[in-house]
Amino acid sequence: KKQVESLEGEIRTLESEKENLEMSLADPELYQRGEEAKDASHKYKEVVRLLELKYSEWTSKTDEVARAEKSGEIPN
């Protein structure tokens, strides 16, 4: 359960970072600063990739917890 909670915290942080990057990338002025725009785009792609990974891990861990609770290995 602690791993699930930890993953949820990581996901919240990444979601916030993704939202901030989306706001930056929506600003037309960013693209006047070529290197900064390129860096923001790369960072956004990395955050999206990490989010997909963390969501996958979260799904796997929550399934494990549910099975363990169902089997009585850990209390609900």
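Let me start with helix H2: at 1.5 Å a residue, its 38 residues should span 56 Å, and its end C-alpha atoms are 56 Å apart, so the two agree. The expected span here is 1.5 Å times one less than the number of residues. Helices are DSSP runs of H or I, at least four residues, numbered from the N terminus.

Before going on, the basis. This is a predicted model, in which local features need pLDDT of at least 70 and side-chain atom pairs count only at pLDDT 80 or more, while totals for chains, interfaces and linings use all residues. Residues are numbered from 1 along each chain as its sequence is written, and side-chain values use heavy atoms, with hydrogens and water left out.

Now helix H1. H1 covers residues 2-25, and H2 covers residues 34-71. The same check works for H1: its 24 residues at 1.5 Å each should span 34 Å, and the end C-alpha atoms are 34 Å apart, which agrees.

How do the two helices sit together? Two packed helices are described by the angle between their axes and the distance between the axes. H1 and H2 pack at about 155 degrees, with axes 9 Å apart. That makes H1 roughly antiparallel to H2, a label for angles over 145 degrees. The axes are lines fitted to C-alpha atoms, for helices over the stretch in contact, and the angles run from 0 to 180 degrees between N-to-C directions. The crossing is left-handed, meaning that the near helix is turned anticlockwise from the far one by less than a right angle.

Next, what is buried, that is, under 20% relative accessible area, with exposed over 50% and partly exposed in between, using a 1.4 Å probe and protein chains only. In H1 the buried residues are Val 4, Leu 7, Ile 11, Leu 14, Leu 21 and Leu 25, and their cover includes H2. In H2 they are Ala 37, Ala 40, Val 47, Leu 51, Lys 54, Val 65 and Ala 68, and these pack against H1. Contact means heavy atoms within 4.5 Å.

Two residues as examples. Leu 21, in H1, counts as buried because its relative accessibility is 13%. Not counting residues up to four places away in sequence, Leu 21 touches Ala 40, Lys 43, Tyr 44 and Val 47. Leu 21 and Val 47 are 26 residues apart in sequence, and their C-alpha atoms are 9.1 Å apart.

The other is Lys 54, in H2. Why does Lys 54 count as buried? Because its relative accessibility is 15%. Leaving aside neighbours within four places in sequence, Lys 54 is in contact with Leu 7, Glu 10, Ile 11 and Leu 14. With Glu 10 there is also a side-chain to side-chain polar contact at 2.7 Å. A polar contact is a pair of N or O atoms within 3.5 Å; within protein, one must be able to donate a hydrogen and the other to accept it, and residues adjacent in sequence count only if both atoms are side-chain atoms.

Last, the loop between H1 and H2. Glu 29 is found there and, at 47% relative accessibility, counts as partly exposed. Glu 29 and Lys 61 are 32 residues apart in sequence and 42 Å apart, C-alpha to C-alpha. Gln 32 is in that loop too, and is exposed, with a relative accessible area of 68%. The C-alpha atoms of Gln 32 and Tyr 44, 12 residues apart along the chain, are separated by 18 Å.

Just after H2, Gly 72 takes a positive phi of about 85 degrees.

Terms used:
Helix = DSSP H or I, 4+ residues; strand = E, 2+ residues; numbered from the N terminus. Parallel < 35°, antiparallel > 145°, perpendicular 65-115°, else oblique.
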